[in-house]
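My notes are below, in the order I looked things up.

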Amino acid sequence: MANQGGNNPFSLSGISDSPIVRHTKEVASDAAFVAKKLLRSTGKAAWIAGTTFLVLVVPLIVAMDREQQINELESQQASILGTPPSPHSLPLPN
C-alpha cells in the first residue's frame with residue numbers, strides 16, 4: 001500500500017502545510033479584507049453623493065422648470081392679448 005501522509009512531500013497534507021500555500025492563503029485573506037472595505041467605503045460615498053444630489057440639485061431643477069413654465073405661460077397670455085411680451089418673460093432658447 002502507498003504511504004497515506006507521513007513524510008511524503010507530494011501528499012495532500014504535505015502540500016497544504018507548505019509555506020507557499022500558507023502565504024497564498026494570507027494574501028487571499030488580505031485581498032478579501034481590502035475588497036470588503038473598498039466596497040463598504042464606495043457604498044458610503046455613493047450614498048453621500050446620492051443624498052447630496054437629492055437635497056441640492058433636485059430642488060434646483062424643479063425651480064428652474066417652474067420658472068420656465070411661468071415664462072411660457074406669460075408669453076402665451078401676452079400673445080393672446082396682443083401685447084408684446086416683456087423681455088424677461090421670453091422663453092430661453094434650448
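Entry 1. I'm working from a predicted model, so nothing here comes from an experiment.

Entry 2. I checked the fold elements and found two helices and zero strands in the protein chain.

Entry 3. Next I asked how much of the chain is buried. Of its 94 residues, buried ones make up 7%. I put the accessible surface at about 8,300 Å², and carbon and sulfur atoms hold 68% of that.

Entry 4. I went looking for nonpolar surface. Phe53, Leu54, Val55, Leu56, Val57, Val58, Ile61 and Val62 make a patch of about 700 Å². I picked out Phe53 from that group and placed it in helix α2, which covers residues 19-81.

Entry 5. Then charge. I found a positive patch on the surface where Lys36, Lys37, Arg40 and Lys44 gather. I looked up Arg40 as well, and Arg40 lies in helix α2.

Note on methods. Residues are numbered from 1 along each chain as its sequence is written. This is a predicted model: local features need pLDDT of at least 70, side-chain atom pairs count only at pLDDT 80 or more; totals for chains, interfaces and linings use all residues. Side-chain values use heavy atoms; hydrogens and water are left out. Patches are made of residues with over 30% relative accessible area and no salt bridge: like charges are joined within 9 Å, nonpolar side chains (Val, Leu, Ile, Met, Phe, Trp, Tyr) within 5 Å. Accessible areas come from the Shrake-Rupley method with a 1.4 Å probe; for residues, only the protein chains shown count as cover. A salt bridge is a side-chain nitrogen of Lys or Arg within 4 Å of a carboxyl oxygen of Asp or Glu. Helices (H or I, at least four residues) and strands (E, at least two) are DSSP runs, numbered from the N terminus. Buried means under 20% relative accessible area, exposed over 50%, partly exposed in between (1.4 Å probe, protein chains only). Lys and Arg count as positive and Asp and Glu as negative; His and the chain ends are not counted. The place of a charge is taken as NZ of Lys, CZ of Arg, CG of Asp or CD of Glu.
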